[in-house]
Amino acid sequence: MNVDAIKQKKLYIFDMDGTIYLGGIPFDFAIRFIKNLRAAGKKVLFFTNNASHTSPFYLKKLERLGYEPTADEIMTSGDVTLAFLQKFRRGKSVYMVATDELIEEYRAAGINILNGSKDRIEKADIVITGFDTSLTYEKLETACRLLREGSEYLSTHPDINCPTEDGFIPDSGAIAALVTASTGKTPTYFGKPYRETVEMIGEVTGFSRDEMCIFGDRLYTDIALGKSFGVCSVLVLSGETQEADVDAAEEKDKPDFTFPSLKEVNDVMFGG
């Protein structure tokens, strides 16, 4: 694929952690690139698999970091999981291993959330695990017990590590791996790279997949979404994935393009 293909797209989807910022540190070149895209009449969508926070949180964070987002430009794996529950699991009882922020959003949206902090939960239709930065052994024990007793298992996203300015920390996929090791149950994942995500992006934005381009720092989420569903994929090496990982990947799993960071993409599209 010729690099000019990137210039022809209409919707530019950006992963957040490791792609446009690292923890609380913005990449100035990413701010410049996104400003240039908007000036050229392109549409932008910020999509993070990090469901430890909600879209309103990311709106404020991106505003603070200088990205000038609008509310309709932000989507998370938590949003995709919530949409699935509302559409296909309406009325089901749900036990969540997640942050209070995400739990309260789901409860406010009408999901029947079971509270495990006060009473012993005897049964749940669904167990959901995510990137729970308030994780406790009690939460894990409850989730594993419910799954052994027959609850359906869902997870907001499969990311194993979350990049921060201080290095990597365990993410949702690592928590799910622990639960799977204990119970033998593997979750149905949402977020990138799964079909529900690309379908929701299309529904919300109105763009077809051949009009989209996704930028991210992970082969197994960001790039896999593009490769699986016909979306132009651009890997940046400013986060989790290193050049050696790309070299080791099978040809079918490699991105359409690889750049050190969004600075070089900006240089290609706008001349610096």
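**Notebook: cysteines, a serine and a sheet**

I started with Cys232, which is buried at a relative accessible area of 3%. The model I am reading is a predicted one.

I searched the whole structure for disulfides and got 0. Cys232 is in none; its nearest cysteine sulfur belongs to Cys213, 3.8 Å away. Cys213 counts as buried because its relative accessibility is 0%.

Next I looked up where Cys213 sits. It is in β13, and Tyr12 stands opposite. I then checked how β1 and β13 are joined. Strand β1 (residues 11–14) runs parallel to β13 (residues 212–216), with 4 bridges between them.

I followed these strands into their sheet. It is open, has 6 strands and pairs in parallel, in the order β5-β4-β1-β13-β14-β15. Which strands stand at the edges? They are β5 (74–76) and β15 (257–259); each has a single partner strand, so one side of each lacks a neighbour in the sheet. Neighbouring strands are turned by 25 degrees against each other on average, direction ignored.

I also looked for what lies across β1 and β13. Helix α2 (residues 28–39) does, and it lies across β4 (43–48) too, running at about 140 degrees to β4.

Last entry: Ser172. I found this residue in helix α7 (residues 172–183). Is Ser172 buried or exposed? Ser172 is buried, at 0% relative accessible area. Its side chain makes a polar contact with the side chain of Ser155, at 3.2 Å. Leaving out residues up to four places away in sequence, I listed what Ser172 touches: Thr129, Gly130, Phe131, Ser155, Thr156, His157 and Asp159.

Terms used: Residues are numbered from 1 along each chain as its sequence is written. This is a predicted model: local features need pLDDT of at least 70, side-chain atom pairs count only at pLDDT 80 or more; totals for chains, interfaces and linings use all residues. Side-chain values use heavy atoms; hydrogens and water are left out. A disulfide is a pair of cysteine sulfur atoms within 2.5 Å. Buried means under 20% relative accessible area, exposed over 50%, partly exposed in between (1.4 Å probe, protein chains only). Helices (H or I, at least four residues) and strands (E, at least two) are DSSP runs, numbered from the N terminus. A polar contact is a pair of N or O atoms within 3.5 Å; within protein, one must be able to donate a hydrogen and the other to accept it, and residues adjacent in sequence count only if both atoms are side-chain atoms. Contact means heavy atoms within 4.5 Å. Two strands pair if DSSP finds at least two bridges between them. Axes are lines fitted to C-alpha atoms, for helices over the stretch in contact, and angles run from 0 to 180 degrees between N-to-C directions.
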